[in-house]
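Opening the notebook on this one.

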Amino acid sequence: MGKIHESLLFKFAVIFFVFTVITLAMSGISMYLNQMTSYKSEREESIKQVASYLEMVLSVDGDDFIYWQEYFCENYRTLLVPHNFDKDDIELARKKYENLYEKKYPGKVLGVDIAFKDLTDDVKIAYTVYKHEYYLYQFEQARKRFNLAYTEYVIPGAEKPGKSFDVMYALDSLRDERLVGGKKYLELGITVEHKIDEHPREWEAWSMGKLPSGFDIFDNQYGKDYACYLPLFIDGKKLGLIGVEVDIVKINKDILRSSVRQMLFVGLILVFAVVLLLYYIYYHYISKLSHLKDSVRLYSEGKNAEIVSDIEKNATGKDEISVLAMQVSSMIMELENYMRNLLETAKELRDTQQRADAMNELANRDALTGIRNKTAYDNEVHQLDWEIADGSAEFAIAMIDLNFLKRINDTFGHEHGNVAITKLCYIICHVFEHSPVFRVGGDEFVVILRDSDYRNMDELVKEFNRQISESSRDKNVNMWERISAAIGIAVFDPDMDSAVENVFRRADKAMYQRKREMKTLRNS
């Protein structure tokens, strides 16, 4: 029993037990109090930021949003918006409207050549359905992305007797349905009476035309919520309120951040307690550890293994520190041997890495032309898809195909076909000198245009076609060097392209269209 009481493990266990009890009690109380005070202000700020984001989504449309709201308010009782739709359906609705508009008003710009009120009813309906689906989808995505209970766009009315006002729900992220002819459509224009004393911030936002401080707290069918309301102004006209609600009983990232701050506070307490602890044990235990530390430091500075004899000389007694000193001396000797082996291994690893880098470079290069190959293109596509996902993508894809390669191979041989491929590669790299070029097939090349080449793509395409035209008519070179090629280009559009593959298909389609045009010119 005496040996147990004399061991460092026992004494440290007793001290740290008392220390742990005290610090956990203090930190628990501190974390609770701090979370209660910080949660409300942090959640208020976060949902206000979401409201500002939704305001940007609506206000960026300008007059288009005003057209939608005016027509919606006048016709929501008869307007039929499908209850179930997704991003693809929104795209179809957009195309339906644009095709109908172009058919009836070719070449005319809405708001410039023709007023919205002068459109035919079928065009107005197609426009309003498309815009309603688009705006509602943005509100729903914001609710999901930021883990909110509710997002809405409402149009309040004037104050009524009894201190109340009517609120029309124009965009409701929780879809209600109605049946018309056996089909499901959105229930539109739901109007609810709100008491001013139950929704004071909502009424303040509407009547004062500014974002109020604080938020409404109330119970509804979805739980206990904090609600923030931001008035929407377009061209100086107050149109409605953007509402954002969050469920306050959910544990979220704000609570986690608050907890981390509290743990930092606990850390300060721990540091203070450790200082007291070290003061208590210094004269009993630290002297041996200090000598061992100095010996290890001398070894680390000079890497002199003779320090081992000094460590072993001062390792007196049978306590844990003396045992540790002996183990350290043994470790130093083992470390000496290990370091020698490690240096040799490191050299071998560097040599292996250099060989691996060289092989990787070869794996991404086309053997014939020396440019990047299909593997390198796939890696570039993966990177572009990440940029599309985070909203930072801006690029175009040019698809280029060599004409008559099979004829050259069959007539003059594959070695001359390779000459034609190499010459086309030279022209492509010369014209698109600031863009990566990939050989993705036997006679197919892809160029990813970015930065200056992206901005000047039209001039570069003209220059490419000019050089190809000159090459095909050059009588001073061999037949297989009179190359002909078709180019097709497509620009990434965030509203219609969810991946690089979409842009590639359009570029490929444009390239084949160019081939048909070139064939028509040759036959004419």
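**Entry 1: helix 4 and helix 5**

I started with helix 4 (residues 87-104) and helix 5 (residues 121-145), whose axes come within 9 Å and cross at roughly 155°. Angles over 145 degrees count as roughly antiparallel, so helix 4 is roughly antiparallel to helix 5. I looked up the handedness too: helix 4 passes helix 5 in a left-handed crossing.

Which residues meet here? From helix 4 I listed K87, D89, I90, A93, R94, Y97, L100, Y101 and K104. Facing them in helix 5 are D122, V123, A126, Y127, Y130, E133, Y134 and Y137. Sorted by class, this contact has eleven nonpolar and six charged residues, with no polar ones.

**Entry 2: the whole chain**

I stepped back for the overall numbers. This is a predicted model, so I'm reading everything here as computed. The protein has 15 helices and twelve strands. Of its 524 residues, 41% are buried. I also checked contacts between residues at least 6 apart in sequence: 65% of them join residues at least 24 apart.

Next I went to helix 11 (residues 405-412) and asked which of its residues are buried. They include L405, I408 and N409. Viewed down the helix axis, the buried residues of helix 11 fall within an arc of 95°, so they line one face.

What covers the buried residues of helix 11? The cover includes strand 9 (396-402) and helix 12 (414-431). Just after helix 11 comes G413, and I noted its positive phi of about 105°.

**Entry 3: helix 11 against helix 12**

Helix 11 and helix 12 pack at an angle of about 145°, and their axes are 7 Å apart. The crossing is right-handed. Helix 11 makes the contact with L405, I408, N409 and F412, while helix 12 brings H414, E415, H416, G417, A420 and I421. That means L405, I408 and N409 turn up both in my buried list and in this contact, per rule of the arc that puts the buried residues on one face. By class I have five nonpolar, four polar and one charged residue in the contact of helix 11 with helix 12.

**Entry 4: helix 12 against helix 14**

Helix 12 has another partner to log, helix 14 (residues 457-473): the two axes come within 10 Å and cross at roughly 150°. That makes helix 12 roughly antiparallel to helix 14. This crossing is right-handed. From helix 12 the contact uses K423, L424, I427, I428, H430 and V431. Helix 14 supplies L460, E463, F464, Q467, I468 and S471. The class count for helix 12 with helix 14 is seven nonpolar, three polar and two charged residues.

**Entry 5: D451**

Is D451 buried or exposed? Its relative accessibility is 58%, so D451 counts as exposed. I also checked D451 against F395, 56 residues apart along the chain, and their C-alpha atoms are separated by 7.9 Å.

Conventions
Residues numbered from 1 in each chain as written. Predicted model: local features only at pLDDT ≥ 70, side-chain atom pairs only at ≥ 80, totals over all residues. Heavy atoms only, no water. Buried < 20%, exposed > 50% of the residue type's maximum accessible area, 1.4 Å probe, protein only. Helix = DSSP H or I, 4+ residues; strand = E, 2+ residues; numbered from the N terminus. Arc of directions from axis to C-beta. Contact = heavy atoms within 4.5 Å. Axes fitted to C-alpha atoms, helices over the stretch in contact; angles between N-to-C directions. Parallel < 35°, antiparallel > 145°, perpendicular 65-115°, else oblique. Left-handed = near helix turned anticlockwise from the far one by under 90°. Nonpolar A, V, L, I, M, F, W, Y, C, P; charged D, E, K, R; others polar.
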